Amino acid sequence: MIPEVVQTIPLQYYIYLATALFVIGIVGVLTRRNAIIIFMSVELMLNAVNLLLIAFSVYRSDPNGQVFVFFIMAVAAAEVAIGLALIVMIYRNVRSLDIGLLNKLKW
């Protein structure tokens, strides 16, 4: 059973919105040099995938997509905890969040 709110919006609109969010995330990862902005762009891409999974799950009346979203959110929460800890440690050592200054981590 599809909720009435979801029925009023065509599936193509969800696809367009998720595509736009994912493209914005890719552009953010590829063009920005600040680690926090890159981190937020990755989260934006994960949320775009979540939106598509929920939309297809609701339209197909299949709860498997919602289960996948739950796992993606759990992994994203762990990623945020570890990623922010790494960013804080990098900032304490380098005093900058510019990823161009992190070439010391290569070797």
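Visitor: Which residues does UniProt list for "transmembrane region"?

Guide: The unreviewed UniProt entry lists residues 13–30, 37–59 and 65–91. UniProt positions are given in the numbering used here, feature names are shortened, and annotations may be inferred rather than shown by experiment. The model itself is predicted: local features need pLDDT of at least 70, side-chain atom pairs count only at pLDDT 80 or more, and totals for chains, interfaces and linings use all residues. Residues are numbered from 1 along each chain as its sequence is written, and side-chain values use heavy atoms, with hydrogens and water left out.

Visitor: What is the helix content of residues 13–30 and of residues 37–59?

Guide: Helices are DSSP runs of H or I with at least four residues, strands are runs of E with at least two, and both are numbered from the N terminus. Residues 13–30 are 100% helix and 0% strand. Their end C-alpha atoms are 26 Å apart. Residues 37–59 are also 100% helix and 0% strand, with end C-alpha atoms 33 Å apart.

Visitor: How many residues has helix α2, and what span is expected for it?

Guide: The expected span of a helix is 1.5 Å times one less than its number of residues. Helix α2 (residues 11–31) has 21 residues. It reaches 30 Å from first C-alpha to last, close to the 30 Å expected.

Visitor: Which residues of α2 are buried?

Guide: Start with the general idea. An α-helix has 3.6 residues a turn, so residues three or four places apart point the same way. Buried means under 20% relative accessible area, exposed over 50%, and partly exposed in between (1.4 Å probe, protein chains only). In α2, Tyr14, Ala18, Gly25 and Gly28 are buried. Seen down the axis of α2, these fall within an arc of 85°, so they line one face. That arc is taken over directions from the helix axis to the C-beta atoms. The face turned away from the buried side carries exposed Tyr13, Tyr16, Ile24, Leu30 and Thr31.

Visitor: At what angle do α3 and α4 pack?

Guide: Two packed helices are described by the angle between their axes and the distance between the axes. Axes are lines fitted to C-alpha atoms, for helices over the stretch in contact, and angles run from 0 to 180 degrees between N-to-C directions. For α3 and α4 the angle is about 175°, with axes 9 Å apart. The two helices are therefore roughly antiparallel. Angles under 35 degrees count as roughly parallel, over 145 as roughly antiparallel, 65 to 115 as roughly perpendicular and the rest as oblique.

Visitor: Which residues does Asn50 contact?

Guide: Contact means heavy atoms within 4.5 Å. Asn50 lies in helix α3. Leaving aside neighbours within four places in sequence, Asn50 is in contact with Val69, Ile72 and Met73. Asn50 counts as buried, at 8% relative accessibility. Ser57 is in α3 (residues 35–60) and is buried at 5%. Not counting residues up to four places away, Ser57 touches Asp62, Pro63, Gly65 and Gln66.

Visitor: What is phi of Ser61, and what is phi of Arg95?

Guide: Phi of Ser61 is near 55°, a positive value in a residue other than glycine. Ser61 sits in the loop between α3 and α4 and is partly exposed at 48%. Phi of Arg95 is near 65°, again positive in a non-glycine residue. Arg95 lies in the segment after α4 and counts as exposed at 60%.
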